[in-house]
Amino acid sequence: MSFAELGLAALGLYLAVLLVIAELARRARRNRSPADHFLAGRELGVFVLFLTLYATAYSGNSLLGYPGEAYRRGFSWIMATGFMLSIIVVFHALVPRLRPLALAHGFVTPGDWVRHRFGQEAGAQWLRFGVALLMTTALANFLFAQLKAMGEMAEQVTGGIVPYEAGVAVLAGVILAYETLGGMRAVAWTDAAQGILMMLGLGALLTWLLGAAGGLEALTLQILEVRPHAARVPETREAANWASTVLLLGLASVIYPQAIQRIYAARSGRALKRSLALMTFMPLTTTLVVTLIGLAAIPRLRGLDAVQADRVMPLLLEQWAALGPAYAYAGLAVFIGALAAIMSTADSVLLSLGSLVAEDLLGRPRRAEGTASLGKWIAAGVMLAMAVLAWVARDVTLWGLIELKMELLIQCVPAFLIAIHWPRLRASSTLVGLLVGTAIAVAGVALDVKRVGGIHMGVIGLAVNAAIATAGSLFPRRAAGAGAP
Amino acid sequence: MTERARAAGPGRAAQSTGGGAVWRARLRRALLAGIGLLYAISIPWYRTAGEDAELVWGLPDWVAVALGCYVGVALLNAVAWLLTEVPDAPTEGSGGSR
């Protein structure tokens, strides 16, 4: 049996297992309420919570985009380990305050916090809408990136037996099926299995790459032969971009709707903090590993262009598998692990999208069954739209998509991180800040000015956004009690 | 609850019942400050741009410094999380809610 046929068989088996888990999760559900469907009845313990956080955080971007970016940029991509760590650091500013409020007031969506915090204040309704719109756009972008990554992976590893377009369609259908059947419970259980596979697979691939290169030092010397400038101290602009990327990813990632919903879904605060303490080591076991894998590709795969660089991981897997049957099986384990990581992120995004659009964007009341099923229909519609987009817009780099998403999402930071610490923050000034910050980020995209002096336009937008939100909140109100909820 | 404990940080105040809680809150703050310092050191802004690097642990020296800092961040952050109280019920003044 060829590697391509083995890949096809492994893919089929894996998808069948996912559907079985989904059916088990459906049978385990307690009722048809949104809290049960979207938050698994708020009963995720340390182990499952940790693995679902892990599998959700490390996505197709990590598995395909980050090796591609390490291949393109060289050693300075060590910054990726730093920005993935910064997410767990920035959670300190959100989790201890948001979690108890979420339990006390029954939050299900990120918009529940905004509704609770700003109540009926002037501008609060538009602020909720603005936050929900930015989050929905960011999630749709994220879903698109995952579908593109799934299609690439399926085509590469099955040697084209499953073409890119069919891979996108079939895998999207399976995710939709198990998410609809089992909700957050199915997503968390499959995430747990997928997280374990991903860790094992990446470790095996890196061991092979380092072994074949003759160790880390030998690998570095090989890279220097191909790209002598790769080891030089980065230019000032690159250092500024490093700091900007740590800020961009650290601040924006903590307000991912799916991350916020996992804060809500934890069984207890104790389980949550232990999961986060474990999560803090994952950038060292995952991001650092994929960075080294991308670097190892520099001497092995010469001359790939920007878009082709996103295929570094599957290309390396092919090389590995060609060494013999044992390597082919190990390569398949990595393939399934990588695909698992991508699918686990896509399913979490899909789950959050349903609740976010139904409740926060369309303002549907939380009537148990009606809202949950509307959320499922919306999720299906968005999945279909993004699958079509993934078919027609294949030549986009994954890192380009990540930056775009984060630059929009980061504009929601004042409504969460400042609002949760500063009672004086007003909805109206937060809304104006959000609009101006978003306009700056969008203008950067429209004018193709991604960075100024290495600093992302989204980060510049956030600085202006936060300044407007805080300065506007310092002015006294025009009439006593006006707009106060 | 003491004023110092109340000012100690998110989620800590209401849980504090004595000096141990205040000490843990202070340690947590110190760890978070240490994390900030490590991030500042991890980015080679203080090195001459374009300079050739020595190899340390098989990596260019500025990469090895960054990696060392990130290992430090992971360790400090894990301890900081274990010192953090994440209450399951709202505490006095929590959340900036109205």
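## Briefing on a predicted two-chain model

The model is predicted, and every value below is computed from it. Chain A has 485 residues, of which 61% are buried, and chain B has 98 residues, of which 41% are buried.

**Chain B and its contact with chain A**

- The secondary structure of chain B consists of 3 helices and 2 strands, and from the N terminus on these elements follow the order α-α-β-β-α.
- Between the two chains, 46 residues of chain B are in contact with 49 residues of chain A.
- On the side of chain B that touches chain A, the elements that give two or more residues are helix 2 (19-42), strand 2 (59-60) and helix 3 (61-83) of chain B, and the largest share, 13 residues, comes from helix 3 of chain B.
- By class, the residues on this side of chain B are 28 nonpolar, 12 polar and 6 charged.

**Chain A: overall make-up and core**

- Chain A contains 21 helices and 2 strands.
- The largest nonpolar core has 193 residues, and those with the most contacts inside it are A:Leu143, A:Leu147, A:Met150, A:Ile293, A:Ala338, A:Ile342 and A:Leu409.
- Helix 16 of chain A provides the largest share of this core, 19 residues.
- Helix 13 (residues 269-279) of chain A is largely enclosed by the rest of the structure, because 9 of its 11 residues are buried.
- The buried residues of helix 13 of chain A include the charged residues A:Lys273 and A:Arg274, and among the others are A:Gly269, A:Leu272, A:Ser275 and A:Met279.

**Helices 15 and 16 of chain A**

- Helix 15 (residues 312-321) of chain A packs against helix 16 (residues 325-361) of chain A at an angle of about 160 degrees, with the two axes 8 Å apart.
- Angles over 145 degrees count as roughly antiparallel, and helix 15 of chain A is therefore roughly antiparallel to helix 16 of chain A.
- From helix 15 of chain A, the residues A:Met313, A:Leu317, A:Trp320 and A:Ala321 meet A:Tyr327, A:Ala328, A:Gly331, A:Val334, A:Phe335 and A:Ala338 in helix 16 of chain A.
- This contact of helix 15 with helix 16 of chain A has 9 nonpolar residues, 1 polar residue and no charged residues.
- A:Pro325 is also found in helix 16 of chain A, and this proline is exposed, with 11 other C-beta atoms within 10 Å.
- The C-alpha atoms of A:Pro325 and A:Ser344 are separated by 28 Å, the two residues being 19 residues apart along the chain.

**Helices 20 and 21 of chain A**

- Helix 20 (residues 427-446) of chain A and helix 21 (residues 457-474) of chain A pack at about 165 degrees, with their axes 8 Å apart, and at that angle helix 20 of chain A is roughly antiparallel to helix 21 of chain A.
- The crossing of helix 20 of chain A past helix 21 of chain A is right-handed.
- Residues that make the contact include A:Gly433, A:Val436, A:Gly437, A:Ile440 and A:Gly444 of helix 20 of chain A, together with A:Gly458, A:Gly461, A:Val464, A:Ile468 and A:Gly472 of helix 21 of chain A.
- The residues of this contact divide into 12 nonpolar, 12 polar and no charged.

**Helices 10 and 14 of chain A**

- The axes of helix 10 (residues 216-226) of chain A and helix 14 (residues 282-300) of chain A come within 8 Å and cross at roughly 50 degrees, an angle that makes helix 10 of chain A oblique to helix 14 of chain A.
- Helix 10 of chain A passes helix 14 of chain A in a left-handed crossing.
- The contact is made by A:Leu219, A:Gln222, A:Ile223 and A:Val226 of helix 10 of chain A and by A:Leu295, A:Ala296, A:Ile298 and A:Pro299 of helix 14 of chain A, which by class are 7 nonpolar, 1 polar and no charged.

**A tryptophan in helix 17 of chain A**

- A:Trp377 lies in helix 17 (residues 368-392) of chain A, where this tryptophan is partly exposed, with 13 other C-beta atoms within 10 Å.
- The C-alpha atoms of A:Trp377 and A:Leu409, which are 32 residues apart along the chain, are separated by 24 Å.

Key
Residues numbered from 1 in each chain as written. Chains lettered and ligands numbered in written order. Predicted model: local features only at pLDDT ≥ 70, side-chain atom pairs only at ≥ 80, totals over all residues. Contact = placed C-beta atoms within 7 Å. Helix = DSSP H or I, 4+ residues; strand = E, 2+ residues; numbered from the N terminus. Axes fitted to C-alpha atoms, helices over the stretch in contact; angles between N-to-C directions. Parallel < 35°, antiparallel > 145°, perpendicular 65-115°, else oblique. Buried ≥ 20, exposed ≤ 12 C-beta atoms within 10 Å, placed from the backbone. Core = buried A, V, L, I, M, F, W, Y, C linked by C-beta atoms within 7 Å. Left-handed = near helix turned anticlockwise from the far one by under 90°.
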